[in-house]
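Me: I have this one open now and would like to talk through some of the packing. Could you start with the terms, and then we go piece by piece?

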Amino acid sequence: MSLYTQDELDDLARGALEHLTGQLVVRTAEASFTSRFPRSDFELEVKGNLSLDVGRTRDGLGVLGTFKLSAVAPEADESDPDAQWSVEVKLQGLWHAREPEAVTDDQLRAFAVKVGMMTLFPYARAHVQAAVVASGWAPLTLDVLTNNAELLRSPDDPERVELDLITVQASLG
Amino acid sequence: MSSWFRETPQSLRFLAEERAVLEATELVAECLERRDVTRTALAERLGIGRSEVTQRLSGKRNLTIKTLGAMLHELGYRLRLDVEDVATERKSHDVAFPAAILGLQAGSHYTNTGTALRLIKSDAA
């Protein structure tokens with residue numbers, strides 16, 4: 001398990017940033033949404049997760065963020081475990097870079113957290129909100145994300161980020 | 001009815017006006033055809049220009065009851081007015097929404113808002 005502080009992540013990410021030329025593409029790679037008929041007689045509990053894959057392309061660095069959220073009724077049990085709505089969206093960011101093969105794996109992972117996730121997150125927020133609203137349920141707007149977001153904090157050490165969670169792919173995009 | 005038409009009291013009244021104009025002009029057109037009379041001939045009988053007959057029948061000019069009566073008279077017809085009860089018919093157009101949809105106006109909400117995400121390892125790993 002490799003745990004890093006925010007400062008250590010900054011140093012690592014800079015190693016990747018030095019290679020960037022400034023060109024960026026963000027796109028939706030995959031999206032799905034399912035929903036039951038909306039109801040207003042109970043509150044929903046929302047849970048979700050985010051996974052990050054990062055990799056080198058022929059001429060850049062790529063980050064794939066998979067966002068999954070679902071909303072369940074407060075007393076969901078074995079008889080009705082299904083989510084009232086669930087959304088999954090895969091967003092891909094491609095940064096043009098010089099000599100991407102010179103960026104180390106840990107630098108890539110830090111880049112995915114410090115830059116990749118922060119870039120993709122607003123698109124994920126917008127996608128989740130639009131999909132939920134279009135289905136008839138009350139809108140859900142994820143918080144604006146910061147680098148000190150709770151979702152990054154390791155349960156073993158809240159002051160550090162578990163960088164191993166970021167997967168380096170041999171081929172991405 | 002096309003889905004873009006918003007039913008308000010004003011729009012329904014406007015629609016009723018336009019329908020009345022259309023029925024009146026179509027009535028005159030039908031009478032012209034039955035009598036095999038041209039618009040030019042009708043204009044001559046009325047002592048007006050042909051273009052005015054055309055404009056009346058196209059709805060560009062306000063077709064009054066008097067002018068409608070005069071046109072039909074020149075074609076050998078007498079105008080008779082009748083009404084159709086649409087009050088009960090209009091009520092049948094009301095759409096009953098399921099209670100579940102009406103309930104959406106209050107809106108459901110969430111026990112936890114904001115960031116409900118956890119960072120995990122991807123399935124591809």
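Reply: Buried means under 20% relative accessible area, exposed means over 50%, and partly exposed lies in between, with a 1.4 Å probe and protein chains only. This is a predicted model, in which local features need pLDDT of at least 70 and side-chain atom pairs count only at pLDDT 80 or more, while totals for chains, interfaces and linings use all residues. Residues are numbered from 1 along each chain as its sequence is written, chains are lettered from A and ligands numbered from 1 in the order in which they are written, and side-chain values use heavy atoms, with hydrogens and water left out.

Me: OK, is Tyr110(B) buried or exposed?
Reply: Tyr110(B) is buried, because its relative accessible area is 8%.

Me: And what does Tyr110(B) form with Trp85(A)?
Reply: The two form an edge-to-face aromatic pair, 6.2 Å centre to centre with 80° between the planes. Rings of Phe, Tyr and Trp (its six-membered ring) pair if their centres lie within 6.5 Å, and planes under 30 degrees apart count as stacked, over 60 as edge-to-face and the rest as tilted. The pair crosses between chains, with Trp85(A) in strand E5 (residues 85–97) of chain A and Tyr110(B) in the loop between helix H6 (99–102) and strand E1 (117–120) of chain B; helices (H or I, at least four residues) and strands (E, at least two) are DSSP runs, numbered from the N terminus. Trp85(A) counts as buried, because its relative accessibility is 0%.

Me: Which residues are in the cluster of ring pairs?
Reply: Phe33(A), Trp85(A) and Tyr110(B) are linked into a cluster by ring pairs.

Me: Switching to helices, how do H1(B) and H4(B) pack?
Reply: Helix H1 (residues 9–35) and helix H4 (residues 65–74) of chain B pack at an angle of about 10°, with their axes 10 Å apart. Axes are lines fitted to C-alpha atoms, for helices over the stretch in contact, and angles run from 0 to 180 degrees between N-to-C directions. H1(B) and H4(B) are therefore roughly parallel, given that angles under 35 degrees count as roughly parallel, over 145 as roughly antiparallel, 65 to 115 as roughly perpendicular and the rest as oblique.

Me: Which residues make that contact?
Reply: On H1(B) they are Ala24(B), Leu27(B), Val28(B) and Cys31(B), and on H4(B) they are Leu68(B), Met71(B) and Leu72(B), where contact means heavy atoms within 4.5 Å.

Me: Last one, where is Ser51(A)?
Reply: Ser51(A) is in strand E3 (residues 45–57) of chain A, and at 6% relative accessibility Ser51(A) counts as buried.
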